[in-house]
Amino acid sequence: TQAVYETKRKGSKHAVRFTFTLDEAKAAGYLQKPGSSWHKTPKTMLRWRCATELARAVYSDVVSGLYSPEEMEDAA
C-alpha cells in the first residue's frame, strides 16, 4: 500500500525520505483507467512514483525535464 525511499546526496548532512501511498495514487487519479499499469502492477507503480518524486526533490539538477511513463500518458 506504500513505497518508501531514502537517499543521501553526496556532501549533504541528512538523508531525505519520501513515501508514496496507494491513497495518494487514488487521489491523483492514477487508478481511474481500468486495465492500467496501476491496476496490473500497483507495487511497481508505487515504487516508480516514489522514486520519481524523490529524484525531483533531491536530484533536480540531474533529472530536470524527465517525465515518468504515466505522466507522458496523461499528457497525451
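A: Buried means under 20% relative accessible area, exposed means over 50%, and partly exposed is in between (1.4 Å probe, protein chains only). This is a predicted model: local features need pLDDT of at least 70, side-chain atom pairs count only at pLDDT 80 or more, and totals for chains, interfaces and linings use all residues. Residues are numbered from 1 along each chain as its sequence is written, and side-chain values use heavy atoms, with hydrogens and water left out.

Q: OK, why does Val 63 count as buried?

A: Because its relative accessibility is 19%.

Q: Where is Val 63 in the fold?

A: Val 63 is in helix α4, residues 60-63. Helices here are DSSP runs of H or I with at least four residues, strands are E runs of at least two, and both are numbered from the N terminus.

Q: What does Val 63 touch, neighbours within four places in sequence aside?

A: Ala 55 and Arg 56 are in contact with Val 63, contact being heavy atoms within 4.5 Å.

Q: How much of the chain counts as buried?

A: 25% of the 76 residues.

Q: Which residues form the largest nonpolar core?

A: Eight of them: Ala 3, Phe 20, Ala 25, Tyr 30, Trp 38, Met 45, Leu 46 and Cys 50. A nonpolar core is a set of buried Ala, Val, Leu, Ile, Met, Phe, Trp, Tyr and Cys residues joined through side-chain atoms within 4.5 Å.

Q: Which helix gives the largest share of that core?

A: Helix α3 (residues 42-58), with three residues.

Q: What about Phe 20, what is in contact with it?

A: Leaving aside neighbours within four places in sequence, the contacts of Phe 20 include Ala 3, Ala 25, Tyr 30, Trp 38, Leu 46 and Cys 50. Arg 49 and Glu 53 are also among them.
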